[in-house]
Amino acid sequence: AYTGAILTVDYGINFWVVLIIAPVIAVAFATILAKPLGRLSGVYLALVSVAVISVFRVMLINLASITGGALGKIGVPTIVNLPELLAVVVVLAIGIWLVQRSMIGRAMRLVRADPLVAESMGIDVHKFRFWLFLASAAIGAIGGVLRASYFGFVVPGDYSFGLLIRILAIVILGGVAHWSAPIIGAAVWTLLPEWLRPLGLWREVVTGIVLLLIIILLPQGISGGLAENRRSIVR
């Protein structure tokens with residue numbers, strides 16, 4: 001997001017060129033982080049992720065001559081609207097769907113289910129996770145550039161600990177069993193509070209209860225629950 005804002009506002013680079021440059025820069029940073037993060041798992045990985053976000057936010061605030069400091073960057077060309085966002089989501093969804101149906105997708109499921117079995121079948125788990133980490137960085141960079149261009153500004157507060165919580169909530173709600181999982185999770189996380197707006201002050205309480213029930217009743221996420229119901233119907 002900041003790459004898109006800086007390149008378009010300060011250097012006047014075309015938005016579509018920035019959409020190519022930003023993933024390259026994100027992949028470069030991800031390459032630096034991948035090795036130390038790749039040795040961690042579970043709660044340790046979560047803690048380091050929080051630390052990285054905190055350091056990055058401090059850098060955004062202190063490098064005011066580049067990032068605009070606490071005020072962020074304003075005046076980003078608002079080229080992106082809802083149709084463009086939907087088009088990118090559709091293209092990425094199709095791409096992930098194709099990957100899921102390929103040999104890479106089957107290897108991904110095996111690595112997630114049992115890394116030891118994956119290793120025994122000749123899959124280099126560490127290298128596999130490394131390349132997936134870089135791919136996710138590139139996709140995240142595309143999302144960041146689109147977000148900056150959609151709202152027309154970026155501020156450090158948008159990229160703090162709260163962002164990590166939202167992403168984790170979307171993953172937990174949507175699950176990881178299907179290519180549509182992040183779309184489902186993001187839709188529920190975004191639309192549920194709006195649907196409950198008539199409840200007024202009780203909206204946040206009811207939202208929390210509904211989300212908690214989804215997590216308890218569907219531990220594999222909504223996509224996992226739908227997949228399980230589909231298998232039950234087939235049987």
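Predicted model: local features only at pLDDT ≥ 70, side-chain atom pairs only at ≥ 80, totals over all residues.
1. Residues are numbered from 1 along each chain as its sequence is written, and side-chain values use heavy atoms, with hydrogens and water left out.

2. Staying with Thr67, this residue is found in helix α4 (residues 64-67). Helices are DSSP runs of H or I with at least four residues, strands are runs of E with at least two, and both are numbered from the N terminus. Thr67 is buried, with a relative accessible area of 5%; buried means under 20%, exposed over 50% and partly exposed in between, for a 1.4 Å probe and protein chains only. Leaving aside neighbours within four places in sequence, Thr67 is in contact (heavy atoms within 4.5 Å) with Tyr2, Met59, Leu60, Gly72 and Lys73.

3. Thr8 also deserves a look. Thr8 lies in helix α1 (residues 2-10) and counts as buried at 12% relative accessibility. The side chain of Thr8 reaches the backbone oxygen of Gly4 at 2.6 Å. Beyond the neighbours within four places in sequence, the contacts of Thr8 are Ile13, Phe15, Val18, Val76 and Pro77.

4. Now for the nonpolar cores, each a set of buried Ala, Val, Leu, Ile, Met, Phe, Trp, Tyr and Cys residues joined through side-chain atoms within 4.5 Å. The largest has nine residues: Leu7, Phe15, Val18, Leu19, Ala22, Val80, Ala141, Val145 and Leu146. Helices α2 (15-38) and α8 (125-151) each supply at least two residues of this core, and α2 gives the most, with four. Leu19 touches Ile142, Val145 and Leu146, not counting residues up to four places away in sequence. A second, separate core has eight residues, including Ala1, Tyr2, Val76 and Tyr159.

5. How do α5 and α8 pack? Helix α5 (residues 82-100) and α8 have axes 11 Å apart, at an angle of about 170°. Here the axes are lines fitted to C-alpha atoms, for helices over the stretch in contact, and angles run from 0 to 180 degrees between N-to-C directions. That makes α5 roughly antiparallel to α8, a label for angles over 145 degrees; those under 35 count as roughly parallel, 65 to 115 as roughly perpendicular and the rest as oblique. On the α5 side the contact is made by Leu82, Leu85, Val88 and Leu92, and on the α8 side by Ile139, Ile142, Leu146 and Tyr150.

6. The structure holds five aromatic pairs. Rings of Phe, Tyr and Trp (its six-membered ring) pair if their centres lie within 6.5 Å; planes under 30 degrees apart count as stacked, over 60 as edge-to-face and the rest as tilted. Phe15 and Trp16 have ring centres 4.9 Å apart and planes at 80°, so this pair is edge-to-face. Phe15 is buried, with a relative accessible area of 5%.

7. Tyr150 and Phe151 form another edge-to-face pair, 5.2 Å centre to centre and with 90° between the planes. Tyr150 is partly exposed, with a relative accessible area of 36%, and Phe151 is partly exposed too, at 44%. Together with Phe153, Tyr150 and Phe151 form one aromatic cluster.

8. Finally, three partly exposed positions. Val17 lies in helix α2 and counts as partly exposed at 39% relative accessibility; the C-alpha atoms of Val17 and Leu7, 10 residues apart along the chain, are separated by 9.6 Å. Ala187, in helix α10 (residues 181-195), is partly exposed at 33% relative accessibility. Ala187 and Arg147 are 40 residues apart in sequence and 16 Å apart in space, C-alpha to C-alpha. Leu163 sits in helix α9 (residues 161-174) and is partly exposed, with a relative accessible area of 27%. From Leu163 to Ala113, the separation is 50 residues in sequence and 27 Å in space, C-alpha to C-alpha.

Note on methods
Polar contact = N/O pair within 3.5 Å; in protein donor to acceptor, adjacent residues only side chain to side chain.
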